[in-house]
Amino acid sequence: MIWQFAISFFFSERELWMNKQLEHLLLEVQKPGRYTGGELGSVVKDKSNIDVRFAFCFPDMYEVGMSHLGIKILYSLLNSREDIWCERVFAPWVDMEELMRKHNIPLFALESQDSIADFDIIGFTLQYELSFSNVLNMLDLAGLPIRSSDRRDLSPLVIAGGPCTCNPEPLADFIDLFVLGEGEEVTLELVDLYKRHKPKGDKQAFLLEASKIPGVYVPSLYEFSYNPDRTIKEIKPQKGAPARIQKRIIKDLNKVHYPDRFIVPYIQIVHDRAVQEIFRGCIRGCRFCQAGYIYRPVREKSPDVINRQAMALCESTGYDEISLSSLSTSDYSRLEELLGDMLSWTEGQKISLSLPSLRIDNFSPELLEKVQKIRSSGLTFAPEAGTQRLRDVINKNITEQEILNTCKTAFEGGYTSIKLYFMLGLPTESLEDIEGIANLAQKIVDLYYRNPQRKKGKSVNVSVSVSTFVPKPFTPFQFEAQDTLETIEEKQKHLVKSVTSKKITVNWHDSQTSFLEAVFARGDRRLCRVLEAAWKSGCKFDSWKDCFLFENWMEAFKECGIDPGFYANRKREYGEIMPWDHLDYGISKRFLIKENQKAYEGLTTPNCRIECTGCGAAKFREGICVESR
Amino acid sequence: MLRAVRIFYKKLGRLKFVSHLDMNRTMSRLLRLAKLPVWYTEGYNPHPFVSLVLPLSLGFESDYEVMDFRVTDDSISNSEIKSALKAVFPPDLFLLDVEDPVMKASDISFADYEVVFENPDEQLERALDTFLSSPSIVTAKVNKKGERVERNIAPLIHEYRINKDGGLVLFLKLSAGSSANLNPQEILQAFEESTGVKLPYYNIRRLMLYNNSGQKFK
Ligand code: SF4
C-alpha cells in the first residue's frame with residue numbers, strides 16, 4: 001500500500017536510479033542518505049499528469065527538516081490533490097553544496113531529482129530567523145536570482161510561511177509573497193489562483209490578485225517610509241492592497257487534513273517517530289513566548305479523532321514511538337481520558353508514547369505510573385527565571401513549590417537527573433534573580449539527598465541550561481531592549497560564581513546567535529541588504545555552531561551602514577510603528593501594551609481557561625474564546 | 001515456541017546509501033509493518049530482534065543479503081512470512097526467499113563481488129591484471145593505538161577475473177566473515193596508491209556468500 005505510488009513507476013532494477021551524476025557524487029559526502037529520496041512513504045507521481053509542481057523547502061538540513069510536523073502536513077495535503085505534486089527540498093550540507101557548485105548540479109527536489117528552478121511554486125517554511133541566510137543560498141543554488149524583482153516570470157513563484165512570517169520584513173525583497181498563519185486552506189487557494197494565471201504568466205497581475213486572498217501578504221505592494229531617527233514613519237499599501245493582512249486559522253481541527261502516513265527516513269533524523277498533533281495555540285501567555293500568542297486561540301482535537309489518527313499513523317509507518325504534539329501537553333483539557341485511550345492499544349503493540357512538556361503534578365497515581373514507565377529520559381522543567389518575582393514579571397505560572405513537588409515525586413520514582421531551562425536578560429532582571437537560578441538548582445540537589453529511599457552510591461545531576469532572552473514581535477515584550485553582549489557576559493559570570501555544587505552543571509546557549517536572532521526577529525526591510533551582504537560573504541547555516549560567522553555578519557552591517565543595536569538593544573516606545581504593525585495576528589497592540597505594563601508591576605495574567613483577558617483573538621470566534629468556562 | 005527465520009534479499013539502487021545501522025532499524029520497522037509475530041528484544045526499549053549476517057559497506061549494492069530474526073508463533077509458515085514481507089518491502093529491497101537457517105553466520109568464509117567501472121580507459125585492464133596477479137599486495141592502516149599496521153592482502157584474494165564485454169567488469173572472490181575479511185574497496189585503494197592511476201567511477205555489488213567449503217551460504 002505504501003508503495004502504491006512508487007511501484008507503478010519503477011519497473012526494472014536499473015531504473016531505481018534517476019540521476020547518474022548525483023549517484024557518483026554521493027559517495028564523496030557525509031550521510032548520502034540525505035540526498036537520495038525514495039524513502040518509505042515518499043510520493044512519486046507521473047509528471048505528465050501534473051498541473052502544479054510544488055517544491056516544499058526547509059532551509060536547514062535533512063535531519064532537522066524531516067523532523068518537522070508542518071512539512072509532513074502540507075506534503076500530505078498537497079499530494080492528496082491529483083493535479084499537484086509536492087516534493088521536498090532541504091539545504092544541502094556544506095560538503096554537498098561544494099560538490100554541487102563544482103559540478104553545476106542545481107538544487108533538486110528529492111522525489112524526482114529535478115531542478116527546482118523548473119517548478120511552479122517554491123515554498124519555504126520559516127521556522128527560525130537564523131535560517132534566513134539559507135533561504136538565499138538555496139535560491140542561488142537553484143540558479144535563480146535571489147531578489148523577487150529580478151525574477152520576472154510567474155514561475156517559479158517563491159512563497160514562504162511559518163512562524164517567522166509574523167515579521168517577514170527582513171526577507172521582503174526576496175520572497176514574492178508570504179502566507180500568514182495556518183497554511184492548510186490558503187495554500188490550496190493560492191495554488192488554484194496560480195493555475196488560473198499560469199497560461200498568461202503575468203507575475204504582477206497574479207500578485208495583485210493574490211493579495212486579495214485573506215492571509216496573503218505581498219511585500220512589494222507596501223511602501224515603507226522612515227523618520228529622521230530611523231524609526232518607521234508609515235507603511236503604505238499600494239495598488240489597492242489591503243491595509244492590514246489578517247492571519248489564517250483553521251476553524252475545526254477535527255476536520256482539517258492530517259497525514260495518515262509519514263515519510264519514514266532511512267537515516268536517523270532528529271525526531272524519528274510518529275507525531276500526533278493534539279491542539280494548536282496556548283492558553284498560558286508567558287510574556288516572552290511568541291508561540292504563546294501567534295497561534296491563538298487554543299483549538300483542540302477531540303480524543304477520538306486523535307486516537308484514530310495516531311493509530312493510522314503507527315499502522316502505516318511501522319514506527320514504534322508516537323509523540324503528542326502541542327505547545328504544552330498538560331494543558332490539553334481531556335488529557336487523562338486521552339492517555340487512557342491511547343495506552344490501551346499502544347502497550348499491546350509495543351509502541352511507546354512520548355509526552356513532551358508534560359507537567360505530572362496533578363495526575364492520578366495509576367496514570368503516573370504508566371506514564372513513568374514510558375518516559376525513559378530525565379525530567380525537564382522550564383522555570384525560565386530564578387525568582388518568583390521575575391517569574392511573575394514574565395507570567396510564567398510555575399511556582400518553586402510545584403517544581404520541588406514534582407522533583408520529589410520524580411526522585412521517589414528513581415529519577416536521578418533533572419534539567420532546568422532559564423533565560424538571562426529578561427526585563428527587570430537583577431543580580432538577585434540570577435542568584436535565584438543557582439539557589440533553585442541547589443534546593444533540588446538538597447531535596448535529592450533528603451530522600452531516604454535514594455539508591456546508595458547514585459548521585460544526582462541538575463543541569464541548568466541558559467539562553468539569552470530575545471524580544472519577539474506579538475509578545476508583550478516586543479517593546480523591550482535585549483541586553484548587550486557585554487551585559488549578558490557579565491551576567492553569565494555572575495551565575496557561574498553563584499553555583500557552588502559540583503552536582504549542578506551550567507550550559508550556555510551562544511549569546512552572539514541570540515543577538516543576531518533579536519536583530520532579525522524585529523527587523524525591517526532595510527535588513528534585506530545586510531542579509532544579502534552576509535550571505536555573499538559566506539554566511540549560511542547560522543544556527544550551526546561550526547558554520548556561524550559572527551565577524552562576517554558584523555562586517556555586513558558595517559558595509560550597509562546599519563547599526564544592529566538599533567534593532568536589538570533599543571527600547572521601543574509604545575507608540576512606535578513596528579515593522580509588523582500592518583500584520584494582524586488577532587492580538588491587539590493595546591493588549592500587548594497593557595500586558596507590558598502589568599509585567600513592570602509584577603502582576604500576572606490568568607490563563608485563557610480561567611478567564612478571558614481580551615487579547616483580541618476572540619475575533620476569530622473559535623476555540624477557547626467561545627467555549628464556556 | 002520461538003523459531004528462527006532467515007531471509008535472503010537484494011539491496012539495490014539508492015538503498016546502497018543506507019548504512020548497516022540504518023538498515024537494521026529499517027528492517028525492524030518493516031517487520032512491524034508486515035505485522036509478523038516477531039520476537040522482541042527484552043529490556044527497556046524493546047524492538048524486533050534482527051541480525052544482518054554480514055555487514056555491507058555504505059555504497060555497495062548486493063544480490064545476496066541475509067538477515068535473521070525470530071518468530072514467536074511457530075505455526076506461521078515461511079511462505080506466509082514471504083508474502084507478508086513482499087507486501088511491505090520497497091522496490092529497491094527485493095525479497096528472494098524465506099528459509100529455515102542451515103548454516104551459522106560465523107560459517108561465512110568467502111564472498112563474491114563485482115566491480116563495474118564506468119568509461120574505463122584502454123590501459124586499465126592490463127594495469128589491474130598486473131596489480132592483482134602480484135604475490136604480495138601490502139596495505140597499511142592506522143590502528144586504534146595510532147600505530148601503522150601493514151598487511152599483505154594478496155592471500156585473501158582467492159580469484160579474480162576481468163571481463164570486457166559491456167564496459168570493464170572485475171570479478172573478485174575474497175575472504176569474508178569474522179576470521180578474515182577483505183573489503184574490495186581496500187584492494188582498489190591499494191591499486192590507486194601503488195600505481196598512481198586514478199580509477200574511473202565504479203559500482204560495487206556483492207554477489208554471493210559461501211561457507212569455508214565453498215557452498216552457498218544458506
Ligand atoms: S480572546 Fe481571551 S480566551 Fe481568546 S485567546 Fe485571547 S485571552 Fe484567550
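This is a predicted model: local features need pLDDT of at least 70, side-chain atom pairs count only at pLDDT 80 or more; totals for chains, interfaces and linings use all residues.
**Around the ligand**

**Domains of chain A**

- Chain A is divided into domain 1, which covers residues 28–246, and domain 2, which is made up of residues 274–509 together with residues 586–618.
- The centres of domain 1 of chain A and domain 2 of chain A, taken over C-alpha atoms, are separated by 32 Å, and the contact takes eight residues from domain 1 of chain A and eleven residues from domain 2 of chain A.

**Chain B: domains and overall make-up**

- For chain B, the domain assignment gives domain 1 as residues 3–101 and domain 2 as residues 108–211.
- Taken over C-alpha atoms, the centres of domain 1 of chain B and domain 2 of chain B are separated by 29 Å, and the contact takes 15 residues from domain 1 of chain B and 15 residues from domain 2 of chain B.
- The secondary structure of chain B comes to four helices and ten strands, and, read from the N terminus on, its elements run β-α-β-β-α-β-β-α-β-β-β-β-α-β.
- Along the principal axes, the C-alpha atoms of chain B fill a box of roughly 55 × 45 × 30 Å.

**Helix 6 and helix 18 of chain A**

- Helix 6 (residues 132–141) of chain A and helix 18 (residues 527–536) of chain A have axes that come within 10 Å and cross at roughly 65°, which means that helix 6 of chain A is roughly perpendicular to helix 18 of chain A.
- The crossing of helix 6 of chain A and helix 18 of chain A is right-handed.
- From helix 6 of chain A, the residues Phe132(A), Ser133(A), Leu136(A), Asn137(A) and Asp140(A) meet Leu531(A), Glu532(A) and Trp535(A) in helix 18 of chain A, and by class this contact has four nonpolar, two polar and two charged residues.

**Helix 7 and helix 8 of chain A**

- Helix 7 (residues 183–197) of chain A packs with helix 8 (residues 203–210) of chain A at an angle of about 150°, their axes being 10 Å apart, and the crossing of helix 7 of chain A with helix 8 of chain A is right-handed.
- Leu190(A), Leu193(A), Tyr194(A) and His197(A) in helix 7 of chain A meet Ala205(A), Phe206(A), Glu209(A) and Ala210(A) in helix 8 of chain A, a contact that by class has six nonpolar, one polar and one charged residues.

**Helix 17 and helix 19 of chain A**

- The axes of helix 17 (residues 511–521) of chain A and helix 19 (residues 550–559) of chain A come within 11 Å and cross at roughly 35°, and the crossing of helix 17 of chain A and helix 19 of chain A is left-handed.
- In this contact, helix 17 of chain A provides Gln512(A), Phe515(A), Leu516(A), Val519(A) and Phe520(A), and helix 19 of chain A provides Phe550(A), Trp553(A), Met554(A) and Phe557(A).
- By class, the contact of helix 17 of chain A with helix 19 of chain A has eight nonpolar, one polar and no charged residues.

Conventions:
Residues are numbered from 1 along each chain as its sequence is written. Chains are lettered from A and ligands numbered from 1 in the order in which they are written. Side-chain values use heavy atoms; hydrogens and water are left out. Axes are lines fitted to C-alpha atoms, for helices over the stretch in contact, and angles run from 0 to 180 degrees between N-to-C directions. Helices (H or I, at least four residues) and strands (E, at least two) are DSSP runs, numbered from the N terminus. Angles under 35 degrees count as roughly parallel, over 145 as roughly antiparallel, 65 to 115 as roughly perpendicular and the rest as oblique. A crossing is left-handed if the near helix is turned anticlockwise from the far one by less than a right angle, and right-handed if clockwise. Contact means heavy atoms within 4.5 Å. Ala, Val, Leu, Ile, Met, Phe, Trp, Tyr, Cys and Pro count as nonpolar, Asp, Glu, Lys and Arg as charged, and the others, Gly among them, as polar. Domain bounds come from an automatic or database domain assignment.
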